[in-house]
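Open the model in your viewer and follow along. Each stop tells you what to select and what is there.

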Amino acid sequence: MSVEKTNLSGIRVLDQSVEPSEKARYVADMFDAIAPRYDLLNSVLSVRLDRGWRKFAARCAALTIGDTALDVCSGTGDFARELRNRVGSSGKVTASDFSSGMLESGRAKFAADNISVVQADATNLPFPDREFDAAVVGFGLRNVAVPVKALSEMCRVVKPMGRVVCLEFSHPREDEPLSRLFKSAFGLFSKTILPTVGGLISGRPEAYTYLPESMARWKTRDEITEMMRQAGLVDIRTRDLTFGLVCVHVGVRPA
Ligand SMILES: C[S@@+](CC[C@H](N)C(=O)[O-])C[C@H]1O[C@@H](n2cnc3c(N)ncnc32)[C@H](O)[C@@H]1O
């Protein structure tokens with residue numbers, strides 16, 4: 001995909017009025033720009049919790065040795081590597097993303113784990129129907145201009161009874177004192193440390209203004225369940241991690 005620069009700011013791009021194609025261009029350009037520092041920033045800003053989140057979500061895909069799996073919005077490939085651990089060397093893992101910069105930054109990992117890489121938009125996947133045993137998306141859906149389209153595509157490319165798994169930031173719970181404390185601390189972190197450290201290390205400050213803002217404006221668990229239903233999935237379940245900061249949504253393509 002050729003990526004033209006847009007004049008949008010990280011916040012403006014989240015407006016409902018922005019054309020999906022313009023948001024997609026902004027997001028692809030932003031990830032191309034932060035790609036060289038993406039892995040480092042992920043580990044620092046999540047204090048390495050991101051690894052456990054992806055590992056857990058990969059288990060939710062219910063893959064077995066020899067299966068085929070797709071990681072959509074794969075970025076530098078950390079979620080795809082977890083899929084490789086699930087399907088073993090006899091299985092097949094494909095990673096897709098529209099940012100050439102992100103895929104290039106993950107090149108060594110993709111090669112080491114024998115992961116096929118396809119540059120593609122999540123809303124128009126270049127794979128046949130019923131190709132994979134499972135499809136996953138990690139911290140990607142929130143960035144897709146029309147997320148229900150990406151979920152529909154994921155549903156289309158998995159086999160009947162195959163799973164679609166979405167790992168995404170969510171809205172921390174506040175139903176007991178510890179989770180309320182966590183929510184306040186995270187709120188402060190996302191307004192101060194996240195944009196400052198993210199901006200400094202990435203050299204692209206607006207990307208780390210976009211990140212907390214996109215998290216704050218992201219859909220509720222119920223809205224995501226509804227989107228998954230609209231995409232054709234059934235038996236939809238959600239599982240909170242880290243006080244609900246992150247949520248794993250799992251749906252099944254009907255038989
Ligand atoms: C926050 S990164 C997540 C990367 C990786 N999944 C992970 O767990 O670290 C989001 C990724 O989604 C990709 N992305 C966003 N919108 C997309 C779209 N419409 N089609 C394909 N990739 C997209 C971006 O290029 C970026 O690599």
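Start at the ligand and select helix H1: H1 gives the most to the shell around the ligand, with five residues. Helices (H or I, at least four residues) and strands (E, at least two) are DSSP runs, numbered from the N terminus. This is a predicted model: local features need pLDDT of at least 70, side-chain atom pairs count only at pLDDT 80 or more, and totals for chains, interfaces and linings use all residues. Residues are numbered from 1 along each chain as its sequence is written.

Now select the ligand's surroundings. Of 22 residues there, Cys 73, Gly 75, Ser 99, Ala 122 and Gly 138 come nearest. Near means a C-beta atom, placed from the backbone, within 6 Å. Helix H1 (20–45) and helix H3 (78–87) are the elements that give two or more residues to this shell.

Next, select helix H8, residues 193–202. Which of its residues are buried? Pro 195, Gly 198 and Ser 202 are. They cover an arc of only 80° around the axis, so they sit on the same side of H8. The arc is that of the directions from the helix axis to the C-beta atoms. Buried means 20 or more other C-beta atoms within 10 Å of a residue's own, exposed 12 or fewer, with C-beta atoms placed from the backbone. Turn to the face away from the buried side: Thr 196 and Leu 200 are exposed there. Step on to Gly 203, which follows H8 and has a positive phi, near 75°.

Finally, zoom out. The protein has ten helices and seven strands. Buried residues make up 45% of its 255 residues.
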